[in-house]
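This report describes strand pairing, helix packing and a few backbone details in a single protein chain. Please consult the sequence and structure below while reading.

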Amino acid sequence: MLWCLRRQPHPPSGSPTGAGVGLDPLSQRIIESWLPQPDLLQKATMPLTIDQNQATDGEKKVRWTLTRDEHFNFRAAHWADLHGLLYNALPQDIIYWGYLFLSFSISDDKTSVKVKSRVVKTGEIIEVVGDLLIAADGCLSSIRHNFLPDFKLRYSGYCAWRGVLDVSGDENSETVISIRNAYPDLGKCLYFDLGSGTHSVFYELLNKRLNWIWYINQPEPEVKGTSVTMKASNDMIQKMHQQAENVWIPELVRVMKETKDPFINFIYDSDPLEKVFWDNVVLVGDAAHPTTPHCPRSTNMSVLDAAVLGKCLEKWGVEKLQPALEDYQSMRLPVTAKEVLHARCLGRMKQGLVLPDREPFDPKTARPEDCLELQLRNMPFFNDVPALFEAAYAPSNCTSAE
């Protein structure tokens, strides 16, 4: 039996706040295979067929294209929409809402693992014994800390403001008309605006929602609790609006100003781990490979983690967990390590931060060969499909990778 413990008392309600995610072609095929009706994913997402980077002169309020890839083939989803699709596809009684994870212990003979949790509503302590503990508890993973107590995240040097503006009832407003004129391919394009020492991301989500992200270089903040996001005060939001006026074109600034409840995301990653399983405990997702969000990889890496782990468990069975987890680790570590480091490099480049053996990138003076490095298809394994899935998921334009 599969148990999934969640601290939240109930499933997300689909709030308009939150963030967007980009799904690559392989993740799309995998998620479609998990759904009772594969076309549900297409109906819940928007196409991102274009990857465009453009420079912005904050003083003159002018922009020009640095690079444009019209064969990107991602899709954009709101996190709550994607979560709802996956949650509704699961059998009932798998996810236990309102259970706070406390601790775990591995049996002396290494054949089972016991998880202790507290029922948030009643305070009752319960214990669950299983064959395998899958740690999907994020980049601040407490389960990972048990095995790697000295592990520390690396602060990127910048934070991000994030927000989603719902314009579904305002299609004829001045804000919507002007933003669609300024970004004519909105609805199918992933836009990156690059200023000197900063950059933003802008694209459309389903149901007329505009998703934006703005990365700002700043000293490392004090992170409290178990989240790398923070609710912003009104004073913080007003200051952000004032800064935006000095950097971005008026149309984008107006979207930022009209967005309700923008929040702050502290950007961290880590050097690649040397292993991601111990006995019958295994890390997946951000717990296994904290990464910066520039490629965009975090969601796609997590989807592939889940798919590969499932195939390895199916191949070896519960009776042979060790070879199953060794297979999973050997397939995922080389891939995620390169992707984490590439995302780190791309983020530092777009933020104008120091990189080895090169001058900081400035979009205003960038050479054509520098601009090509901005394209997301340069991500390692961008179009590769693991041999494990080759027959099921490989499109004609993909190559195979072990």
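What is the strand order in the open sheet of 3 strands with antiparallel pairing? The order is E2-E6-E3. The model is a predicted one, and what follows is computed from its atoms.

From one strand to the next, the twist averages 35°. Strand E6 (residues 74–78) runs antiparallel to E3, and 3 bridges join the two. Met46 has Ala76 in E6 as its bridge partner. Helix H1 packs on this sheet, where it touches E2 and E6, and its direction makes about 95° with that of E2.

Helix H3 (residues 79–89) also lies across E2 and E6, and it runs at about 90° to E6. Within H3, Ala80, Leu82 and Leu85 are buried. The buried residues of H3 pack against E2, H1, helix H2 (39–43), E6 and H8.

**Contact of H1 with H8**

Helix H1 (residues 25–34) and helix H8 (residues 298–316) have axes that come within 10 Å and cross at roughly 50°. With that angle, H1 is oblique to H8. The crossing in which H1 passes H8 is left-handed. On the H1 side, the contact is made by Leu26, Ser27, Ile30, Ile31 and Trp34, and on the H8 side by Asn300, Val303, Leu304, Ala306 and Ala307. Sorted by class, the contact of H1 with H8 has 8 nonpolar residues, 2 polar residues and no charged residues.

Is strand E13 mostly covered or mostly uncovered? E13 (residues 189–195) is mostly covered, with 7 of its 7 residues buried. Cys189, Tyr191, Asp193 and Gly195 point one way from E13, while Leu190, Phe192 and Leu194 point the other way; all are buried. Strand E15 (residues 209–217) is likewise mostly covered, with 8 of its 9 residues buried.

| Strand pair | Sense | Bridges |
|---|---|---|
| E4 (residues 50–57) and E13 | parallel | 6 bridges |
| E13 and E14 (residues 198–205) | antiparallel | 5 bridges |
| E14 and E15 | antiparallel | 8 bridges |
| E12 (residues 154–166) and E15 | antiparallel | 9 bridges |

In the parallel pair of E4 and E13, Ala55 stands opposite Leu194 of E13. Gly195 has Thr198 in E14 as its bridge partner. Tyr215 in E15 stands opposite His199, and Tyr215 also stands opposite Ala160.

The hairpin of E13 and E14 has 2 residues between the strands, and in it Gly197 takes a positive phi near 80°. The hairpin of E14 and E15 has 3 residues between the strands, and there Asn207 takes a positive phi near 65°.

**The E11-E19-E18 sheet**

Another open sheet of 3 strands has the order E11-E19-E18, with mixed pairing. Its edge strands, strand E11 (133–135) and strand E18 (277–278), each pair on one side only. E18 and strand E19 (residues 281–283) pair in the antiparallel sense over 2 bridges. The bridge partner of Trp278 in E19 is Val281.

Most residues other than glycine have a negative phi. Which value does phi of Asp279 take? Phi of Asp279 is near 55°, a positive value in a residue other than glycine. Asp279 lies in the loop between E18 and E19. With a relative accessible area of 26%, Asp279 is partly exposed.

Asp261 also has a positive phi, near 55°. Asp261 is placed in the loop between helix H7 (250–258) and strand E17 (263–269). Its relative accessibility is 48%, so Asp261 counts as partly exposed.

Conventions
Residues numbered from 1 in each chain as written. Predicted model: local features only at pLDDT ≥ 70, side-chain atom pairs only at ≥ 80, totals over all residues. Heavy atoms only, no water. Buried < 20%, exposed > 50% of the residue type's maximum accessible area, 1.4 Å probe, protein only. Helix = DSSP H or I, 4+ residues; strand = E, 2+ residues; numbered from the N terminus. Pairing = 2+ DSSP bridges. Axes fitted to C-alpha atoms, helices over the stretch in contact; angles between N-to-C directions. Parallel < 35°, antiparallel > 145°, perpendicular 65-115°, else oblique. Left-handed = near helix turned anticlockwise from the far one by under 90°. Contact = heavy atoms within 4.5 Å. Nonpolar A, V, L, I, M, F, W, Y, C, P; charged D, E, K, R; others polar.
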